[in-house]
Amino acid sequence: MSFSKLKKAAVVVWWLLVLAPNSCWSGDLRLLVVLSDTLPAYQSFANTLKQSLPESVQAIVLENPDEISEQPLADIVVSVGMKASSLAVSQSKVPVLVVMVPRTSYEELIEQKSGKDHAPSISAIYLDQPWERQLNFIQAILPTHFRIGILYSDRSLINMTFLRKEASKRDVKLITKRVLSEDELYSALDELLASSDILLAVPDNMIYNSNNIRNILLSCYRSGIPFVGLSQSYVNAGAIGAVFSSQRQLADQITESIRFFVQSGKFPQPNYSRDFTVSLKPEVARSMGIKLPTADAVKGNMYDVNGGGQ
Amino acid sequence: MKQYGIRLFIACITLVPLIVITVCLEAFFLHNYFSELDLHSVERGRLIASQFAASSEYGVVSNNLQYLEDITRNVFKESDVSGAVILNSESVILSASGYTSGSIDKLLADLRYATTGKSSGVTRYGNGGLQILQPILPETVALNEFEAVPAIKPIGAVIVELSLARTEKLKSEILWYTIATTMGFLAFISLIVFLVSRSITYPITKLSNVIQKIAHGNLETRIDSTSHMSELEVLSQGINHMAEQLQEERAVLQQKVDMATSDLRNSKEKAERANKAKSQFLAAASHDLRQPLHALGLFASALNERIKFPEVRHLVDNINKSVAALEELFNSLLDISRLDAGVIQPKFQHFRIKELMGRLSTEFEAPAHLKGLDIQFEGADIVAYSDPVLLETILRNLISNAIRYTRIGEVKVAWLSEGTQICIQVRDTGMGISEEDREHIFQEFLQLNNPDRDRTKGFGLGLAIVRRLCSLLKSTIFVQSAVGTGSVFQLNIRLGDETQISNNRSLLAQHLQNEPGMLILVIDDDYSVQEAMTALLKTWGHEVIAVGSIEEALKAIKRSPDAIIADYRLKKGRTGIEAVQSIHQIWGGEIPALIVTGDSTLDLLQEAQSSGYPFMHKPVNAAKLRAFLRSSSRHRSLPS
């Protein structure tokens, strides 16, 4: 029996082991889903999560995160978004799974929390995509664009050192420009676009928001620089493409983590979403004279290149 | 009450509501249309501004001034756009077209004032146009659905100024077009109303004209039925019928009038014949009466000269008085017939009225005082232009009447000048004349308060003569009177000119001159008249040759007589005029001659007048005869 066959057999056994003791699911696992806001997106995510969860899990959705301490004690808390997560991490006495929060933000939360004794188990599934995946994605769709421009500010959730290291690994050049205030945004952008082949968005509310994105996209278009976004909304707005995890993919991973918690009494390590979605906008690419591969091809290429996207 | 024609009424009831409705509708639609135009302008301005703002967004964000200038220029090229400006969020002008720097500062000041407290666009009228300020808002694109949409802040603003000149011109054109159309429409309607009203008024006017003609007596007039209106047709038929009726009745009346007129004409002719017969009778009677009366007068005068016994003289006086009365009556009748015959023609001349009044004063003072009346003549020494003889006769009649009818009090004659006239009044304090009598006093033989016809009160011919004389002198006579108080007779004559008074000595002076003994030839076929005349003339110291015919005269005369007195009607159909002419042929034409006649027919009087010889009616007044002789002696004494 080859190693690969053994590995496959192990996976089957693992799944049997996991799924067999249904009795553990039949227990009274109470899940408190705390939303940061009443925005429809949070509601939608809560619904998706509920649909993903097995029927034995009693999920209670709390729309107002301030009421978290008043809630009857649950077995697990799933905090959705920054505000809910911040409150849950500081106030919850049961294990907390943080979702819909970028890695940097989660790490800040943990840093604040550290030092306190008897902290319950905390883990996370990050909202953002790993930089490796992002760079893989860029390489997969724009293999001839080497200068990756990044506009950032002090509020940007970005680990520049790690990023540079990853870039150097891939023989691409990282061009960065810091924006001190909103007023300087466009001059900084012009400057950056002048020396970049591609603009990669970073999670930064000051730079990339509903009001600015159109003009940023326009600037990019006029400069002939493709813009890589962070979500489907960016692609909708005019970005050439984005790699991201959908709500369903996140919900499935949460369900998986809960199952892991039921079985082992602890959450898996905080990690990025394992599964991801590739979204492309061939119309934009065509306008800019760029020929894009298909999304599936890109995704397959990414898996091939980095083995599971990591 | 003010009256209006049918046309005006029709015009009022049709045109006034039409005009009101038309004007109201036009005003309503124009107002709506203009409002829509204004709204359209505003909408268009806002559309341009919002597109301008949208297209400027990226340029403002990227501060691409060249790009912004292009956009501004393109907006400015739009029709009606008179200005376009782009500002950034700090109101710094990034691009502007259609403004000077001064005007743009003012515009910004105005708009800042207008936009105070507003974040949305502002539309205002100013600078003769429409100014629209539109903030430039970034186009939002939903990006992070897990975050609330951030507040949108304007990144700048655009200003668009839209000229309203084209809109106003369009409005003006539409207004004038509407007015012209309305006027045309109203003119057309007015024409129709005019034609319709004429079709009503024309037959009515025709009817009216026909009625007026009928009213003026033209009953033959008829109306041609040309109206299409049944009511007017009925009316015209009625009028025609009425005219026919009137015509028939008038014919009947005319017939009656003609008959009555014919009767009247017959009566008049009968009366005229009677009047003529009366005149002929009067003329004949006066001639036949004059002959014996003339003789009687002459005899009586001769007798008076010779009678020495007082008792007989008294009888002779009475005879004389009776003769005088008869003479007066005959003279008056003769005067009237002469005046009626037009024999007497006034001889107008300038003379002093005071002299005339002096004579009358002398004449009437005695009779007035005899009756115990005061008589006064008052007036300025002015010159009159009239016939002094006729005027004297008028006044003599009036004064003698006044004295006759006044018992106590006074008679006053006064005259004064009034402009170009002289007003002469004869006043008395007599019995007066009642109002109804005043209309009749100028008729012949009318005597007031003399039912017994007392001869001493005259014959009632005086005022009849006065009336005739006044009309001859073309002067008017008025009477004012109150019963028991007195009467005033007033006549007006023309004022004369002193410079044109003739140098004739007054008649009064002539009276004073006495005549010497003369040889006088008397020719009369009536022997008694011959005798009487001879007796009288001889008493005056004259030598007389009395003959009965022309032939006798020619035989009897041995030397040239100093004067000839000839009867007009002689035997064998000869006349006194012929006798005088025969003697003049032998003895020269300078011998003064007097024609005497008892005839008063008009033909005779006119012949006598034309012969040029002095002329006296029988019975001859002794005084007049004497006056003739005096003038004859003066004439004879003058060198030939």
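Let's begin with the word "contact": two residues are in contact if their C-beta atoms, placed from the backbone, lie within 7 Å. Take the contacts in chain B between residues at least 6 apart in sequence: 68% of them join residues at least 24 apart. For chain A, that figure is 70%.

Quick word on where this comes from. It's a predicted model: local features need pLDDT of at least 70, side-chain atom pairs count only at pLDDT 80 or more, and totals for chains, interfaces and linings use all residues. Residues are numbered from 1 along each chain as its sequence is written, while chains are lettered from A and ligands numbered from 1 in the order in which they are written.

Now the parts list. Helices (H or I, at least four residues) and strands (E, at least two) are DSSP runs, numbered from the N terminus. Chain A has 13 helices and twelve strands, and chain B comes to 16 helices and 17 strands.

How much of each chain is buried? Buried means 20 or more other C-beta atoms within 10 Å of a residue's own, exposed means 12 or fewer, and partly exposed is in between, with C-beta atoms placed from the backbone. In chain A, 42% of the 310 residues count as buried; in chain B, it's 28% of 640.

Next, a pair of helices in chain B. Helix α7(B), residues 353-370, packs with α8(B), residues 388-404, at about 25 degrees, axes 11 Å apart. Those axes are lines fitted to C-alpha atoms, for helices over the stretch in contact, and angles run from 0 to 180 degrees between N-to-C directions. So α7(B) is roughly parallel to α8(B). The cut-offs: under 35 degrees is roughly parallel, over 145 roughly antiparallel, 65 to 115 roughly perpendicular, and the rest oblique. The residues that meet include B:Leu360 and B:Phe364 in α7(B), and B:Leu391 and B:Ile399 in α8(B). By class, this contact has ten nonpolar, no polar and two charged residues. Here Ala, Val, Leu, Ile, Met, Phe, Trp, Tyr, Cys and Pro count as nonpolar, Asp, Glu, Lys and Arg as charged, and the others, Gly among them, as polar.

Over in chain A, α6(A) (131-141) and α7(A) (160-169) pack at about 40 degrees, axes 10 Å apart. That makes α6(A) oblique to α7(A). The contact is made by A:Trp131, A:Glu132 and A:Leu135 of α6(A) with A:Phe162, A:Leu163, A:Glu166 and A:Ala167 of α7(A).

So where do the chains touch? 17 residues of chain B are in contact with 19 of chain A. The chain B side has eleven nonpolar, three polar and three charged residues. Look at B:Val141, in the loop between β4 and β5 of chain B. B:Val141 is partly exposed, with 19 other C-beta atoms within 10 Å, and its contacts include A:Ser210 and A:Ala237.

Last stop, the core. A nonpolar core is a set of buried Ala, Val, Leu, Ile, Met, Phe, Trp, Tyr and Cys residues joined through C-beta atoms within 7 Å. The largest has 79 residues, and A:Val228 and B:Phe52 are among those touching the most other members. Helix α1 of chain B, residues 6-62, gives this core its largest share, seven residues. As for A:Val228, its contacts include A:Ile138, A:Leu200 and A:Ala242.

How values were computed
Lists of a residue's contacts leave out its neighbours within four places in sequence.
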